[in-house]
Amino acid sequence: MTSTPKQLHQDQTMAKQDKCSQPRVASGRRGLPKSSSGTGLTIVIKLGTSSICDEVTHFPLLSTLSLIVETILKLKAQGHRVVLVTSGAIGVGLRRLNLASKPKDLAQVQAIAAVGQGRLMSLYDDLFSQFNQPIAQILLTKNDLADRTQYLNACNTIDALLEMGVVPIVNENDTISVSEIRFGDNDTLSAITAGMIHADYLFLMTDVDCLYTDNPRTNPDAKPVMTVDDITALKEKVSVASAGSSLGTGGMVTKLIAAELATAAGVTTVISRGSTPQNIFQIISQPIQHIGSASPKQNSDIEVTTSLGAATISSLPLHTRFLAKDNPMVDRKWWILHGLHSAGTIFIDQGAYKAITNASQKSSLFAAGIVSCKGTFVAQQSVRVVYRPRDYLKKDEHGQVVEEYDGPEEIELGKGLVNYASHEILRIMGCHSRQIIERLGYADAECVIHRENLTRTKVIQA
């Protein structure tokens, strides 16, 4: 089928964008800091509410904040670029308004955040000003990153601030966020920020030293996990059910989600105690090869203390290090997967499922492989691509299923930017590409989602 002028323009645009989207390559050997070769690191430090405010009195923890500021300044003096992602606006707002607890009404919570955000930035400005260090405030929502131009502008702004020697302080814009455009918690926001600026390290500073096999507050037999190579396998071995503090929105679950997002972008992620930020220096200077791997094995418990030498344990502070992926996503696909809100869902058949998940095929999604779609969306919006295995189980002549299946009802294969609106897809689904013009009277593209606009989260090796 002959490409239309619109399709040619889209192809040319994608080619330009792909040329600019360089792969995220881990610096040197995996996990080894760039500073070992004389080049500074880009480090994102996320500070949780429990590290900023007292959970009961809501007074700011000035000793911890002062240590964080001093640590950032020392990192900068060593030639590193540092971004601070901070929580705490609601906690500081509660203290300012003399309120005992966070209300449940959304408007009231957002009003408290509006009061606290100014106070929080004033507090940081006072601390950094003692050392004549300029800072900048950046407030984000997912909606700000949904447009590709705005996403790139945010990346360029943070990069320009770092080049100017400024410390960017990032927070979610809680005063206007609604559920559809919220990151949900600042762990996720910090991972998105780290991916945007191609950071080397993301530090998730919290009120525990590291990730444990269980809650150490209730289980004395809980063991620390020092290094994680496979987060999926880790989830099967450890318990992370405990929630965050009464002021915070996270917990260990959100930190694992953040680690998945960041490591997929080539960012080594570390969980560490917020009250001892000076441990960052030892962590970034310690080559991965010296601490071994404590990833869970299929037929054994997590043996952390035996996998690490005694001398190494005594020389390293407790922390959990999630190793960056060897083949991280390029920038454009990272944006599609994590920067965009899903406007709808496309359900595909078994043939399309096999084509999309085949690691060597890298197929686009065509109308012939679509069985239905849900939601209302227009061209170039992001949608989920989902396969329902139960629809394709073998059945006898009476329509009864003749094979057992105990897997998930739906398998999400990834996200992509569509070339057609939802009402157009409902008319062309199941048909061959050459029939699109017969169904619609025009054909803007041969495929519904081009492979360069499709980010796959499930890949099967051939």
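A nonpolar core is a set of buried Ala, Val, Leu, Ile, Met, Phe, Trp, Tyr and Cys residues joined through side-chain atoms within 4.5 Å. In this predicted model, the largest such core has 48 residues. Val44, Met196, Leu202, Leu234 and Phe322 have the most contacts inside it. Several elements each supply at least two residues of this core, among them strand E2 (81-86), strand E3 (135-140), helix H8 (186-196), strand E5 (201-206) and helix H10. A second core is separate and has 32 residues. Ile45, Leu73, Val82 and Phe128 are included in that second core.

Beyond its neighbours within four places in sequence, Phe322 contacts Leu211, Val228, Ile231 and Leu234, among others. Its partners also include Leu256, Ala259 and Thr263, which are listed among the buried residues of H10. Val267, Thr268, Thr269 and Ile271 are in contact with Phe322 as well.

Helix H10 covers residues 252-264. At 1.5 Å a residue, its 13 residues should span 18 Å. The end C-alpha atoms are 18 Å apart, which agrees. Of the 13 residues, 10 are buried, so H10 is largely enclosed by the rest of the structure. The buried residues include Met252, Thr254, Lys255, Leu261 and Ala264. Just after the helix, Gly266 takes a positive phi of about 85°.

Thr269 lies in strand E9 (residues 268-273). Thr269 counts as buried because its relative accessibility is 0%, and the cut-off for buried is under 20%. Its side chain reaches the backbone oxygen of Val267 at 3.3 Å. Not counting residues up to four places away in sequence, Thr269 touches Ala259, Ala262 and Thr263, among others. Leu202, Leu204, Thr320, Arg321 and Phe322 are also touched by Thr269. Two of these partners, Leu202 and Phe322, are named among the core residues with the most contacts.

The structure holds 3 aromatic pairs. One of them joins Tyr151 and Trp335, with 6.3 Å centre to centre and 50° between the planes, a tilted arrangement. Tyr151 lies in helix H7 (residues 148-163) and Trp335 in helix H14 (residues 331-338), so the pair ties together parts that are 184 residues apart in sequence. Both Tyr151 and Trp335 are buried.

Two rings have a charge over the face. The charged end of Arg95 sits over the ring of Phe59, 4.3 Å from its centre. Arg388 lies over the face of Phe347, at 4.0 Å from the ring centre.

Definitions and conventions: Residues are numbered from 1 along each chain as its sequence is written. This is a predicted model: local features need pLDDT of at least 70, side-chain atom pairs count only at pLDDT 80 or more; totals for chains, interfaces and linings use all residues. Side-chain values use heavy atoms; hydrogens and water are left out. Helices (H or I, at least four residues) and strands (E, at least two) are DSSP runs, numbered from the N terminus. Buried means under 20% relative accessible area, exposed over 50%, partly exposed in between (1.4 Å probe, protein chains only). A polar contact is a pair of N or O atoms within 3.5 Å; within protein, one must be able to donate a hydrogen and the other to accept it, and residues adjacent in sequence count only if both atoms are side-chain atoms. Contact means heavy atoms within 4.5 Å. The expected span of a helix is 1.5 Å times one less than its number of residues. Rings of Phe, Tyr and Trp (its six-membered ring) pair if their centres lie within 6.5 Å; planes under 30 degrees apart count as stacked, over 60 as edge-to-face and the rest as tilted. A charge sits over a ring if NZ of Lys or CZ of Arg is within 6 Å of the ring centre and within 35 degrees of the ring normal.
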